[in-house]
Amino acid sequence: MDVSFVPLIEDTARLVTAGSALAIAVALFRLLQLRRDLSGRSRRLCMLFMALMLAVGLLSALAALDLGSNWQSAGRVAIALFAAAAALALWDNFSVLRRLPLPGQAADEQRRLMLELATALQRYEMALRGSKVAVFTQDQELRYTSISKPMFGMPLDKVIGATDAELLGARRTEQIDLLKREALAAGATRKGEIDIEESGEPRWYDLHIEPLRDLAGTTIGLTGAAVDITERKENERHLRLLMRELTHRSKNLLAVIQAMARQTARHAATIDEFVEQFSARLQALARSHDLLVQESWHGASLSEMVRSQLGHHIDRENSQVVLDGPDMLLKPEAAQNIGLALHELSTNAAKYGALSVPGGRVSIVWSRRPEEDGGGVALSWSEQGGPPVTAPSQRGFGSLVIERNLARALDSEVTLDYASAGLTCRIIIPEQHLAIGR
């Protein structure tokens, strides 16, 4: 090689080294600008190596330009200092660098994280599908951009891209639009309950709406959740209805008890007799109410009503009571009055009639009446084998309950026959007092 070209080659090499080192320093500086999320340790390492490359580049440039030994010496000292600092920083962070994942490990970790994310998303979607919650997003024009499940009784493909007004009509969605536009304008959370008519039936939703923001914090739409609370609203309505019904029934019951106490006191000779008769009648009323409570006040079974009022005569050995009739349901008012009438009949039979002697018998028979006769139920009470019967000289509380009260309260036909062979009572319960079985 020609010796004259050696200085030129060396200068060229120094300039290339200077340019490359400066390019590396600029690249590291640009990286620090773009990756502001880097940790403090990583940023310090980048700045240190950027300074080292800058010093190497400057020294190479000084050597190529031959600006004097003083400048070259200063550059070498700077490089030495930066190199020493870089070496110390490298060894100080060596354990961290050693634990950096290999490309294959990073890919495996990425796949694992993606699988976990997909599994979590699947569980989230499954939970939403099985719940009464619909999660949705909307743009600034309030068009649906995503939704987790059908809402407002409409399929997903019809909801996506549409507004509430387009789905349900502007008049029916004024309340929803007002709530959502308030959330957009204020950039704050809004909550509210709305009612929507779906397929002719009202449905209630509890809405929770929040602004949807991008990474820069700009509001780009809404995100929210709609919880179907129709069942809760129906339960609340039913509870209010029950409370009104309870108030009404309580007033009626108090009126019945007041009349019962007044009539019992009128026909009782002594206080002890009053207490005994009044307590027995209260227990009879309570037994009727027990049957009604079992059926949630929908009605009471006639056969169970008869058994509850005559249980102490039916359940014993050699029962003197015969029952015959189909099972049917009485409405609450009819059950209450029929129960009191059966109690008075059984009490009278136990004191004076067929149940007061061992050989006496009572037959209680009921059946449905033909529609041509007006429908309803015919109930018959017949006594045989008891002491001879004579008509009472004056009407007692029992006769009033059976004849007058049933006729007035239920519009029933009541016939009492005091035949000497035994008392018979025939009661016609009108069709409107029968309940339809659940």
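Which side chain does the side chain of Ser301 make a polar contact with? I began my notebook with this, keeping in mind that the model is predicted.

**Entry on Ser301**

I looked up the side chain of Ser301 and found that it makes a polar contact with the side chain of Ser303, at 3.0 Å. I then placed Ser301 in strand 6, which covers residues 300-301. For its accessibility I noted a relative accessible area of 8%, and because buried means under 20%, Ser301 is buried. When I set aside the neighbours within four places in sequence, I saw that Ser301 is in contact with Asp327, Met328 and Leu329.

**Entry on helices 10 and 13**

Next I followed helix 10 (residues 271-294) and helix 13 (residues 332-351), whose axes come within 9 Å and cross at roughly 140°. That angle makes helix 10 oblique to helix 13, and I recorded the crossing of the two as right-handed. I listed the residues that meet there: on the side of helix 10 they include Ala280, Ala284, Leu285 and Leu292, while among those of helix 13 are Pro332, Ala335, Gly339 and Leu340. Sorting the residues of this contact by kind, I wrote down seven nonpolar, six polar and four charged.

**Entry on the whole chain**

Finally I stepped back to the protein chain, in which I noted 14 helices and 13 strands. Of its 438 residues, 34% are buried, and Ser301 is one of the buried residues. I also looked at contacts with a separation of 6 or more, and I found that residues 24 or more positions apart account for 55% of them.

Technical notes:
Residues are numbered from 1 along each chain as its sequence is written. This is a predicted model: local features need pLDDT of at least 70, side-chain atom pairs count only at pLDDT 80 or more; totals for chains, interfaces and linings use all residues. Side-chain values use heavy atoms; hydrogens and water are left out. Helices (H or I, at least four residues) and strands (E, at least two) are DSSP runs, numbered from the N terminus. Buried means under 20% relative accessible area, exposed over 50%, partly exposed in between (1.4 Å probe, protein chains only). A polar contact is a pair of N or O atoms within 3.5 Å; within protein, one must be able to donate a hydrogen and the other to accept it, and residues adjacent in sequence count only if both atoms are side-chain atoms. Contact means heavy atoms within 4.5 Å. Axes are lines fitted to C-alpha atoms, for helices over the stretch in contact, and angles run from 0 to 180 degrees between N-to-C directions. Angles under 35 degrees count as roughly parallel, over 145 as roughly antiparallel, 65 to 115 as roughly perpendicular and the rest as oblique. A crossing is left-handed if the near helix is turned anticlockwise from the far one by less than a right angle, and right-handed if clockwise. Ala, Val, Leu, Ile, Met, Phe, Trp, Tyr, Cys and Pro count as nonpolar, Asp, Glu, Lys and Arg as charged, and the others, Gly among them, as polar.
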